[in-house]
Structures are given as C-alpha cells and as structure tokens.
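Welcome! Please take a moment to look over the sequence and the 3D picture before reading on.

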Amino acid sequence: MKKILALALLVPLPLAAQTRSTISPFVAADGSVDHSPVMVGLSGSRESGRLGLRASAAVDARSTPLSSWMSSPVGEHMAVWSANLDALLFLADPVRGGAAPYLVVGVGGQKLRGAESATGANYAYGAGVRAPLLGPLAMEGEVRYRRPFGQPDLDSPIGSGLEFRFGLSVRMGGARHTSISAPAPILRTPASPAVATASGAARMRVAERTLDTASQYLGIPYKWGGSTPQEGFDCSGFVHYVFAEQGIELPRTSAELAQVGAPLPLDVGAFEPGDLLAFAGHGTDVDHIAIYAGNGRIIQASSSGGNVRYSDITGPRGRWYRDHLVAARRVIGATTVASGGY
C-alpha cells in the first residue's frame, strides 16, 4: 500500500512544467469495499490542455473526527485507506468556461485494518464532469467502476464495485510574467530613416485606419459569440470584424488569432499600433485577444467591463494584462489582404 501511494505522488512530478495544477478535496462512497465506506480524501493533478494526470489518497471517514457524525454498519470498527493514480481526458476545454465532462482510467489500491484485514490492487474506469463556480473554483462529480487485478477472491472484503466521488477543485494556473514596462508612442516609425520603406508606411496607414474603425465602436456592449455592432461583440468577434473592415480576413477565435501573422517579443517596446495581443486567464491557453492602440493602451471588447473600451496595460490597473500576456502578433503586412486593403 505504501508503495502504491508513493508511486501515485511521485509520477506527476515530471509534468511540473505543464500548464496548470488542480487541488481537490473530495468525499466518495466506495462500493468495491464491503459496507461501502464513505471516504474523505485529497487529489492533486497536473493538466495540459485536455489531458491530465491525477494522484489521490483517501481514508475512511470513520477514522477521522467525522466518525462522531457516523454510525458504523459493522460491529467492529474497520479502517480503510486508498490511493489512486488516474489519467484524465477532458471532452471540453476545462479552462474556457462551461461544464467540462471527462473520462478517467487509472490504477489504485486499498488497505483494510480492523476486524478484517485485507489489501487489494485494482484498475478503474469511468467518467466525470467539472463545472466552474467562481474564478478558479469548480465543482466535480465522478463515477467509476473498480475491478481487482487477476482472479477475484470471493472471500475478500475488497472486490468490484462502483465508486461515487464529489469534490471541489481549485485551479492554480501557470501564467507567464512578461516584460512590459514602459509605454510606446502612439504610432512608431522605424528606428532608422534608412529602413523607412514604402511598405512600412503603408502598414502604418492601415494601422491608423484600423484603429479609427475600432474606435467607432467604443461602448458597444459585450456579448459572448457576438461579431457585429448590432448584436454586440466578444473579444475575438470585435477583432475579426474591425480587420475585415480593412479587407484583412482573420480567423474568428482568440486561439486562432494568436497564431496568425508574425510573432513579436513580449515587450511593449516591440509593439506597434494594430498588433494583436493575446492573453491567457488561466495557464497558457489563450482566452482573450485585443488590438494594441499605442501609448501603452489596447482597445478590446471586454467581458469584465461589459463593452468595447480602451485599457492601459502599463499602469497599476494593467497588472492583469502584464501577468497574463502570452503572445503578440503582427498581422498588418503579414497576412493576405483582400483588394482595397493596402
């Protein structure tokens, strides 16, 4: 049993550089053990995108201070411990909002001590769902079926059965800290006049027109999935619409927008008006996009602000943007432009 618990705790360590960590206290009813004990435990997982590796350990609630609230179904007290190592596959992105169902498969072990002592190892498979509550806090529910390895011992108190688990999880992201430190001028020209080409001047003219168009929609309400001024904008819908007005066709989603054009250093000194800045609220999965407007400001369709607005990313109130900036892209001059764009 100790070896199983040690393995469960050590295996996730190689994934320490991955996207995010999740800690979850839980309660479970384990039907694979006689008398279906109620277990209380703690799990920790490393997750990247839709994949995760989770280790958990639990103890019979009758072996905790909770025992005063419970009556044992057996005449003799019997303590139960368990440990599990599971692989998770999320069927929806667990950090982009909304419920995220997942599949789970894993291995584990249980140990009973008391009137009947026994040790068993098993494998399990099942499904669950993670539903966001507030910020990084989420609720989880899971059901799995446990089966012992090898031929089951009919006399053993450990066998096959369903386990029902319910818990609360706290996600701890791995947002990258960037080097934004000082504002840039509203419209930067090339550093040396010798490299001021006609294409550079044309790019700046397109940037000016793009920002003029974007500013026309200041105050338009935020609407998730919205892509026109009439229905409202979400962040990527706003970017897509504004650039389309200039004859520049871009993808629709934030994650796709963070991949187009030419990459830039994550330093405000490298940004020019019209560049796209991508942010990740949790981990490194892009979930917000904005247009750099120069002078340390962005123009965006803000869900928290409720409308299209300017935001300062270099001042005290721009700390969130500095801490969650994960990509900067130059799309003007680096994308396919329809006739009339340039």
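Here is a short tour of salt bridges, strands, nonpolar cores and aromatic pairs.

## Before we start

The model you are looking at is predicted. Keep that in mind as we go from one topic to the next.

## Charged partners

Side chains of opposite charge can pair when their charged atoms come close. This structure holds 15 salt bridges. One of them joins R54 and D86, whose closest N and O atoms are 3.0 Å apart.

Now look at E163. This residue forms a salt bridge with R144, at 3.4 Å from N to O. R144 sits in strand β7 (residues 137–148) and E163 in strand β8 (residues 161–172), so the pair ties together parts that are 19 residues apart in sequence. E163 also forms a salt bridge with R146, and here the closest N and O atoms are 3.0 Å apart. That pair again links distant parts of the chain, with R146 in strand β7 and E163 in strand β8, 17 residues apart. R144 and E163 are both buried, and R146 is buried as well. Which residues do salt bridges with shared partners join into one network? The members are D30, R54, D86, E142, R144, R146, E163 and R165.

## Strand β1 and its neighbours

Strands of a sheet pair through backbone hydrogen bonds, either parallel or antiparallel. Strand β1 (residues 20–30) runs antiparallel to strand β2 (residues 38–48), and 10 bridges join the two. Within this pairing, V27 stands opposite V40 in β2. β1 also pairs with β8 in the antiparallel sense, over eight bridges. In β8, G167 is the bridge partner of F26.

For a closer look at β1, find I23, which lies in this strand. I23 counts as partly exposed, at 36% relative accessibility. Leaving out residues up to four places away in sequence, I23 touches L42, S43, G44, L168, S169, V170 and M172. I23 and A55 are 32 residues apart in sequence, and their C-alpha atoms are 9.9 Å apart in space.

For β11, the pairing with β16 is antiparallel and has two bridges. There, P263 has R329 in β16 as its bridge partner.

## Nonpolar cores

The largest nonpolar core has 31 residues, and F238, V239, F243, L250, L276 and I291 touch the most other members. Several elements each supply at least two residues of this core: α2 (198–215), α3 (235–244), β12 (276–279), β13 (288–294), β14 (297–302) and β16 (325–330). Which of these gives the most? That is α3, with five residues.

Take F243 as an example. Not counting residues up to four places away in sequence, F243 touches T210, I248, L250, G274, L276, I291, V331 and I332. Apart from this core lies another, of 13 residues, among them F271, I298, I313 and A328.

## Aromatic pairs

A pair of aromatic rings is described by the distance of the centres and the angle of the planes. The structure holds 11 aromatic pairs. Y123 and F149 form a tilted one, 5.5 Å centre to centre with 50 degrees between the planes. This pair links distant parts of the chain, 26 residues apart: Y123 is in strand β6 (residues 118–134) and F149 in the loop between β7 and β8. Y123 is partly exposed, with a relative accessible area of 31%, and F149 counts as partly exposed at 46% relative accessibility.

F279 and Y321 make an edge-to-face pair, with 5.4 Å between centres and 70 degrees between the planes. F279 lies in strand β12 and Y321 in helix α5 (residues 319–324), so the pair ties together parts that are 42 residues apart in sequence. Both F279 and Y321 are buried. Finally, ring pairs link Y217, F233, F238 and Y241 into a cluster.

Key. Residues numbered from 1 in each chain as written. Predicted model: local features only at pLDDT ≥ 70, side-chain atom pairs only at ≥ 80, totals over all residues. Heavy atoms only, no water. Salt bridge = Lys/Arg side-chain N within 4 Å of Asp/Glu carboxyl O. Helix = DSSP H or I, 4+ residues; strand = E, 2+ residues; numbered from the N terminus. Buried < 20%, exposed > 50% of the residue type's maximum accessible area, 1.4 Å probe, protein only. Contact = heavy atoms within 4.5 Å. Core = buried A, V, L, I, M, F, W, Y, C linked by side-chain atoms within 4.5 Å. Pairing = 2+ DSSP bridges. Phe/Tyr/Trp six-rings, centres within 6.5 Å; stacked < 30°, edge-to-face > 60°.
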